[in-house]
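The sequence and the structure are shown first.

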Amino acid sequence: MAKRIQPLKPDIILKNYWNDNRQFADLFNAVLFGGEQVISPDELEDVDTEESSILEHRDYAENIRASRDSIKICKKSLTYGVELTLLGLESQEHIHYAMPMRVMGYDYGTYKKQYDSNAGKYQNANGMTEDEYVSRMRKTDKFTPVITVVVYYGEKAWDGATTLHDMLNIPDKMKPFVNDYKMLLVEAGKNDLILHNMNNVAFFDMLKVILDKSIPKNEAKKKVIEYAVRHNVNKTVVMTVAGATGSNIDYNAFEKGDGDMCTLFDEIAKEGEIKGIEQGIQALIESFQELDIPFLKSQKQLMTKFSLSEDSAKKYMDKYWK
């Protein structure tokens, strides 16, 4: 028998939500074009989210594997052909102080995959100049550009870097000579996006309430429930909001067909307490690593310290063990 209350994994439920081309296109139109309807849902196709490549440097080679949350290719029909753009979306529950570098890595992986695929066409130098053959790329070859948007769902205001330069200790006079890399950041709890898709409008409106630390949790719960009922918010949107904020959901309530909002957000009032415990777990795991305590031994100590089951401890270890 399935558990009555099930935890919603933010990464999975958000990936499912943004898999909808209408919602995905609406978000990118809001972030890139101020709400202008430039990207059409019909122009979007899913792309394999896993990028693998080899970074070669003299005597060593390091495998790089990066799995994006979501990436789609936008195919715009033009008079003389098709214009392609790759659109990547990353969801962040916590502030990541190396996020610009992480995004740079994702984008590099996407370009490297295109390069490798293109280079595979040139098995010999027939019809190529010497420089083209050495490059495994013709002078006229072009790759598909990639744009990555990061959506942050945390309570705290983002205080991390948004550019590579922000991560560097670099004198002002040297900045013009050091390549920068910028990321597009959306803070779910605080943004001025012009959205047209009603699911997205409700999604971000409800998140703003839940993530507003100035509103007591019980009051925030009440406001979100009232909003969902008043606007007849789609069940999937409500479940995504609960998942993005780390709440638990009573699936049985939806099996009855009534979409009981009160049941859905019962756990939100306890969110502060839950997060407090989780922060302690994270700190303990990081301490284990600093002391070079083996993974399995650390997991057993975690189970003892917080009275966790083996499965729960394993989930926390997988989440915070770096």
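## Surroundings of methionine 183

Leaving aside residues up to four places away in sequence, methionine 183 touches Met99, Pro100, Val103, Val150, Trp158, Ala161 and Thr162. The model in which these contacts occur is a predicted one. Methionine 183 lies in the loop that connects strand E7 (146-152) to strand E8 (184-187). Its relative accessibility is 7%, and because buried means under 20%, methionine 183 counts as buried. Methionine 104 is 79 residues away from methionine 183 in sequence, yet the two C-alpha atoms are 8.3 Å apart in space.

## Helix H6

Helix H6 covers residues 217-230, a run of 14 residues. Which residues of H6 are buried? They are Ala220, Lys221, Val224, Ile225, Tyr227 and Ala228. Viewed down the axis of H6, these buried residues fall within an arc of 160°, so they line one face of the helix. Exposed residues on the other side of H6 are Asn218, Lys222, Val229 and Arg230. After H6 comes asparagine 232, which has a positive phi, near 50°.

## Packing of H1 against H5

Helix H1 and helix H5 have axes that come within 12 Å and cross at roughly 150°. Since angles over 145 degrees count as roughly antiparallel, H1 is roughly antiparallel to H5. The residues that meet across this pair are set out below.

| Helix | Residue range | Residues in the contact |
|---|---|---|
| H1 | residues 10-18 | Leu14, Tyr17, Trp18 |
| H5 | residues 198-210 | Asn199, Asn200, Phe203, Phe204 |

Classified by residue type, the contact of H1 with H5 has 5 nonpolar and 2 polar residues, with no charged residues.

## The protein as a whole

The protein has 12 helices and 9 strands. Of its 322 residues, 39% are buried. Among contacts with a separation of 6 or more, residues 24 or more positions apart account for 61%.

In summary, methionine 183 is a buried loop residue, H6 carries its buried residues on one face, and H1 meets H5 in a roughly antiparallel arrangement.

Notes:
Residues are numbered from 1 along each chain as its sequence is written. This is a predicted model: local features need pLDDT of at least 70, side-chain atom pairs count only at pLDDT 80 or more; totals for chains, interfaces and linings use all residues. Side-chain values use heavy atoms; hydrogens and water are left out. Helices (H or I, at least four residues) and strands (E, at least two) are DSSP runs, numbered from the N terminus. The expected span of a helix is 1.5 Å times one less than its number of residues. Buried means under 20% relative accessible area, exposed over 50%, partly exposed in between (1.4 Å probe, protein chains only). The arc is that of the directions from the helix axis to the C-beta atoms. Axes are lines fitted to C-alpha atoms, for helices over the stretch in contact, and angles run from 0 to 180 degrees between N-to-C directions. Angles under 35 degrees count as roughly parallel, over 145 as roughly antiparallel, 65 to 115 as roughly perpendicular and the rest as oblique. Contact means heavy atoms within 4.5 Å. Ala, Val, Leu, Ile, Met, Phe, Trp, Tyr, Cys and Pro count as nonpolar, Asp, Glu, Lys and Arg as charged, and the others, Gly among them, as polar.
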